[in-house]
Amino acid sequence: MRILFLTHSFNSLAQRLFCELSQIGHEISIEFDIADSVSEEAVRLFRPDLILAPFLKRAIPASIWSRHRCLVVHPGVPGDRGPSALDWAIQKDLPTWGVTVLQAEAEMDAGPVWASAEFPMRRAKKSSIYRNEVTEAAVRAVLAAVDRCQQPDFKPQRMAGQAHSTLRQADRTIDWASQGSAAVLARINAADGFPGVADLLFGQPCHLFDVWPEAVLRGAPGSLIARRETAICRATQDGAVWIGHVKRQGGIKLPATQAFPEAAELPEVPLAGYLKSAQPTWQDISYEAAGGVGFLSFEFYNGAMSSGQCRRLTEAFNWAAAQPTRVIVLRGGSDFWSNGIHLNTIEAAASPADESWANINAIDDLAEAILRCETQLTVAAVGANSGAGGCFLARATDFVWVRDGVMLNPHYKNMGNLFGSEFWTYLLPPRVGEDGARAIMRHRLPMTAAESVRLGFYDACLPAPGFAVDVARRAAELAAAGDFSERVAAKQAKRRADEAIRPLADYRAAELHEMQRNFYGFDPSYHVARYHFVERSPHSWTPRHLAKHRDLNWIIPE
Ligand code: COA
């Protein structure tokens with residue numbers, strides 16, 4: 001079928017559905033929901049058999065749904081209607097939730113149901129549930145719905161239901177004096193990603209995000225009691241929680257201590273070393289070891305890696321390399337492996353150009369430390385989505401194992417034509433060939449885990465269920481293998497041979513020369529793109545590489 005995606009943005013869910021449907025032979029084109037007239041034009045040009053709305057913030061115009069079959073992906077169970085569906089489910093602590101694919105009609109989310117899928121709820125951030133459980137359920141439901149669209153006898157059923165209202169800030173308010181940590185966690189989790197919970201910190205209005213439990217620290221309910229790296233700890237009625245990110249009024253989302261420099265006055269409670277804390281607390285970099293394998297996790301919010309985080313992770317990696325292990329597994333975070341340099345901290349810096357430069361150098365230092373590690377075999381266990389520099393940082397390891405279902409965006413051009421660094425010019429061509437590398441960089445499209453392995457970019461695509469266990473088993477096998485010493489020797493020899501042909505420093509200097517032009521040159525595209533990205537500016541057009549129907553060679557189908 002020819003399927004037109006009408007969507008607010010090409011977010012990770014839309015990307016995943018795009019890949020899944022393309023893979024089974026459907027032709028997909030995308031139009032961002034900018035204005036009714038623009039959507040109507042897209043429909044005229046593409047003449048879709050079906051319109052799918054994976055992520056919309058407003059209703060489809062009647063001029064479209066009354067003439068074409070439009071299916072909407074609603075992040076709620078059948079019968080659930082209205083906005084803030086997932087927010088309500090998290091805040092109410094419901095045990096199960098789901099995704100429904102329903103037909104657009106005049107009343108929002110009230111149309112006949114084409115398919116649905118359920119999942120058990122996890123106590124986690126809304127953004128995390130969305131990128132994991134909701135995405136997987138949406139894939140199942142959309143594939144079923146699309147299949148049913150091709151069955152002439154299938155009749156979608158109407159479901160009785162009740163509409164709920166938008167979850168307003170008044171419903172989200174935290175009463176720090178009376179609410180315990182569990183309730184505070186549920187409230188901030190239900191608002192994570194967007195819109196956050198409106199509150200006051202240091203007497204200033206702001207929105208709170210990225211909350212973590214704390215098992216030990218205590219204080220007067222509501223008071224700020226500690227800081228650690230970029231997070232601050234606040235006492236609740238029965239304990240305390242950590243707040244990782246904050247958006248001040250009129251500002252952008254930032255690490256809490258960056259948003260509020262006055263946090264420097266709070267008592268610092270560092271963790272001793274990198275070993276994973278036995279008690280729940282805020283720990284962005286943690287290390288565990290078992291069976292000759294060291295596992296390094298970096299739980300960086302949104303997968304963004306600031307200069308400071310890159311430096312601390314490089315130190316942690318070097319420390320891990322000094323441990324008596326044979327394999328180091330870089331696990332990334334639970335929602336993203338890495339999305340490259342931290343565009344928000346860059347935007348907020350006194351000189352975004354200087355901070356971009358510092359950040360790209362810091363992430364390159366990390367990539368270089370991994371590339372130059374001669375004592376262990378290294379593995380990137382990419383269990384979550386990864387984008388831009390994060391995809392190449394993973395490739396700096398000896399083996400990249402990726403979880404099936406992960407979306408990869410191994411290109412930089414979407415961010416104002418960035419050239420990119422992280423040694424991609426060294427790492428990519430030997431894997432996919434010069435032409436393949438150019439195609440990946442130019443196409444700017446997402447890549448599935450399976451495709452990354454098919455192209456030779458990554459090494460293995462492992463089934464989603466049991467990914468962590470599978471990674472641990474494979475890593476332990478690598479560590480215990482009889483040929484471990486030969487493998488390490490071969491790795492050392494390859495590095496020396498490569499260095500003799502062209503030193504790493506040379507690749508790095510050439511990439512950074514281009515990046516310097518992106519950051520300091522006369523073309524401001526990167527700075528403009530970054531501004532719009534961090535401000536979450538609505539799109540004003542759909543890029544040509546997504547809107548096939550706007551391609552100059554596009555012929556309107558009969
Ligand atoms: N720096 C700062 N924040 C980042 C980030 C980065 N490099 N990458 C993603 N984020 C944030 C987004 O701003 C968004 O914030 P929110 O909490 O306010 O919603 C959140 O992470 C999720 O991003 P979103 O774009 O909604 O997620 P997605 O899964 O749909 O898309 C990407 C993932 C990677 C395709 C997309 O986020 C992206 O293009 N990121 C920029 C990558 C980049 O250019 N890095 C710099 C060059 S190395």
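**The ligand site and aromatic pairs**

A polar side-chain atom of Asn-302 lies 3.0 Å from an oxygen atom of the ligand, a polar contact in the sense of N or O atoms within 3.5 Å of each other. The model is predicted, so local features need pLDDT of at least 70 and side-chain atom pairs count only at pLDDT 80 or more, while totals for chains, interfaces and linings use all residues. Residues are numbered from 1 along each chain as its sequence is written, and side-chain values use heavy atoms, with hydrogens and water left out.

A backbone N or O atom of Leu-343 is 2.9 Å from a nitrogen atom of the ligand, and a side-chain N or O atom of Arg-536 is 2.9 Å from a ligand oxygen atom. The ligand taken alone exposes 860 Å², of which the protein buries 86% (Shrake-Rupley method, 1.4 Å probe).

Turning to the aromatic residues, 16 aromatic pairs are counted, where ring centres of Phe, Tyr or Trp (its six-membered ring) lie within 6.5 Å; planes under 30 degrees apart are stacked, over 60 edge-to-face and the rest tilted. Phe-10 and Phe-18 form an edge-to-face pair, because their ring centres are 5.5 Å apart and their planes meet at 90°. Phe-10 and Phe-18 are both buried (under 20% relative accessible area, 1.4 Å probe, protein chains only). The pair of Phe-519 and Tyr-526 is tilted, with centres 5.2 Å apart and planes at 50°. Phe-519 is buried at 3% relative accessibility, and Tyr-526 is buried at 1%.

Notes: Polar contact = N/O pair within 3.5 Å; in protein donor to acceptor, adjacent residues only side chain to side chain. Buried < 20%, exposed > 50% of the residue type's maximum accessible area, 1.4 Å probe, protein only.
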